[in-house]
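Have the model open as you read.

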Amino acid sequence: MLFHLFALSAFLGASDAFVPASVSHRRAFVARGEVQQKTTQLLAVDIGQCPFTGGVALPGYPDFQVQEAYADALDNVDWDEVKSDLKTLFKTSMDWWPADYGHYGGLFIRLAWHCTGSYRMSDGRGGCDGGAQRFDPERSWDDNTNLDKARRLLEPIKLKHGLGLSYGDLFVLAGTMSIQDMGGPYLGFCGGRIDHVDNAQTRPLGPTPEQEKFAECEVDGDCQAPLGQNTLGLIYVNPEGPMGVPDPQGAADTIRDVFGRMDMDDRENVALIGGGHTFGKAHGASTNSPGEKPSGCPMNPWAGATGADAVTSGFEGPWTAQPTSWDNAYFKNLIDYEWESWMGPGGHYQWRVKGGKGPKAPVAYPADSGEKQDIMMLTTDVALITDPEYRKHVEEFAKDEKAFADAFAAVWYKLVNRDMGPVTRCVGPDVAPAQDFQFPLPDPPAKLADFGAVSKKLTALMDKKKDGEFVRLAMQSANTYRCTDYLGGNNGARIRFSPGKDWSSNAGLDKTLKLLEPLKKQFGEGLSWADLIVLAGNVAMERLGAPALPFCAGRTDAPDGKGWKPLEYGNADLPTSVDQMTDLYLRRGLTAKEFVALSFASYPSSDSLSKTLSTDGDLLAQALRYDPDLRIFTDYYVAAGDENFGSDFASAWTKLMNSDRFAGPLGNLCMLSP
């Protein structure tokens, strides 16, 4: 069964192994003729699905040529000029959507936060890589009301800088530079987001039929994981309180749950909420509608009032007295005043200083009128002083502005880059040092082992009864890779540690690892566990009948299994339905054709594959028989014969084994230069 038990392999000489060269962010490879031909077959991909890192433009794949053009254009982005253009825009107020307080910073922080905040740890979907907020369902979420104006404001900068400046990068950079421009902390910027051409990857975020299939929300307002939010159409939780009830402790509990779905802890939650609410204001001047959503009126959505009369969230007011300046007043305001709930002008519960003697901010529009407006809080703000654990951090940040600045800089960088994968995928002059959430790996060995000698030892070690377990070890390690957030994969060999080694899907693989221990010990530091696992899978596959499989050396070993903590969903247990199986291969960046080609591991001939069409068999057989996308290629390989089946298997296998060998946003250390 694919994803559980595999089989195949043969001798791999030292001349067939290759070691990645030092590369730019685009792509590179060192190899020979036959390997080059085989590897080139891997590179075509529809970028409406997951983009595969690395490659060349191939005839018949026009979308992939767009991806290659982006790689070329990315080299030429003048990031300093983009930043300069943004800073000019921040203070250039437009009549059709005036800037609050004469500065668009609050709007662009919201744009970046809501674009990246859709990320969920369960399956890695969401986030701003792809710039999918341009498409439904996200662009029509209630939480994204009037963000079409922010995107419209940025469009001239996008047009000026062209293809190399993706929408995803532009949205994130606009929010990040807004914070810096208003005096806030700046850790860095990781560029290289690849814009989606459609909403194929983000439809599962909901509300859509795809979301209902895989993650139905039985009670809207109490949606459970794997969904990232608890209310469809919001990025996190209802700011009014659970189910619209102004219950601060209930709100604290939902914040902890929902923010935890994107791997945030209590201190990060407090710093992130406080930093975001240091700037700008909420808009709910009346109970009037903001206008029709883009899903119903794409040409002129949310055509309601502007300026002082604008309605966006339905809440009204700023959080601090200086909404365009960085400070820790948000936390001081929470602690220093007594807050009471009331029904605001937008028809929603919000909070005000009891007795009306709290700080006042300038009105947002017109910015120079001299008029004042009371500050306010939301139920989700008051939650931070109601919950004892959250309150500890509020008190810390109220006393220590530097601690707040450091914490916010780190958590903002995590928020906006959680879907970008390892630091090796980042480009630009301001990339921060590798952060814990990027699960950095040590450098590979300075001197690599003689892989021809390793292959001979592996061949001597194996026998037909155990070959399938070596294949299974390599596949189970590689199968953790997901192109939704570029986590998982073979590099790091984290299958040796908890939580991965404890998953039921990996039962018994500790014994297979034990068989490899003498070889690891014999070849020492030059042979990483990650390279050994992949090479053992290659050798076993060839022994069982696969064509020669190219091997790309130079992986390294993680010190622990933390990098697999986010990967439990979809990996800890075997899939139980055809729908789950097909969703898994899409998340791994595989096409339907590649998935079927990988079934060669279970059915190593066209004849054995054809037998799956006459019996339901196991889950893989059912998928090949009944899923319409998979059935097309199952029929193709039955008709095409063993040579095509085996050759395409080799390509798909090699792609999967090397998917996590990043060199920039598109480059892959194991891919060929054109």
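Look at the lining of the second largest cavity: by class it has six nonpolar, seven polar and two charged residues. Here Ala, Val, Leu, Ile, Met, Phe, Trp, Tyr, Cys and Pro count as nonpolar, Asp, Glu, Lys and Arg as charged, and the others, Gly among them, as polar. Before going on, a word on the source: this is a predicted model, where local features need pLDDT of at least 70 and side-chain atom pairs count only at pLDDT 80 or more, while totals for chains, interfaces and linings use all residues. Residues are numbered from 1 along each chain as its sequence is written, and side-chain values use heavy atoms, with hydrogens and water left out.

Back to that cavity. Its lining runs to 15 residues, and Gln476, Ser505, Gly570, Asn571 and Arg588 lie nearest its centre. A cavity here is a set of points, on a 1 Å grid over the protein atoms alone, where a 1.4 Å probe fits but cannot get out; lining residues have an atom within 4 Å of a point. The volume is about 100 Å³, taken as the space filled by probe spheres set on the points, with grid points joined across faces, edges and corners.

The largest cavity has a volume of about 120 Å³. It has 14 lining residues, with Gly126, Asp129, His196, Gln201 and Thr484 the closest to its centre. Its lining splits into four nonpolar, seven polar and three charged residues. By this rule there are nine cavities of 30 Å³ or more.

Now zoom in on Gln373, which sits in strand E7 (residues 372-374); strands are DSSP runs of E, at least two residues long, and helices runs of H or I, at least four, numbered from the N terminus. Is Gln373 buried or exposed? Gln373 counts as buried because its relative accessibility is 17%, and buried means under 20% relative accessible area (1.4 Å probe, protein chains only). Leaving aside residues up to four places away in sequence, Gln373 touches Lys281, Glu316, Gly317, Pro318, Pro359, Lys360, Ala361 and Val363, a contact being heavy atoms within 4.5 Å. With Glu316, Gln373 also makes a side-chain polar contact of 2.8 Å (N or O atoms within 3.5 Å, one able to donate a hydrogen and the other to accept it; residues adjacent in sequence count only if both atoms are side-chain atoms).

Finally, step back: the protein chain has 23 helices and ten strands, and 61% of its 674 residues are buried.

Terms used
Buried means under 20% relative accessible area, exposed over 50%, partly exposed in between (1.4 Å probe, protein chains only). On a 1 Å grid over the protein atoms alone, a cavity is a set of points where a 1.4 Å probe fits but cannot get out, and a pocket is an open set with protein on both sides within 12 Å along at least five of seven lines; lining residues have an atom within 4 Å of a point.
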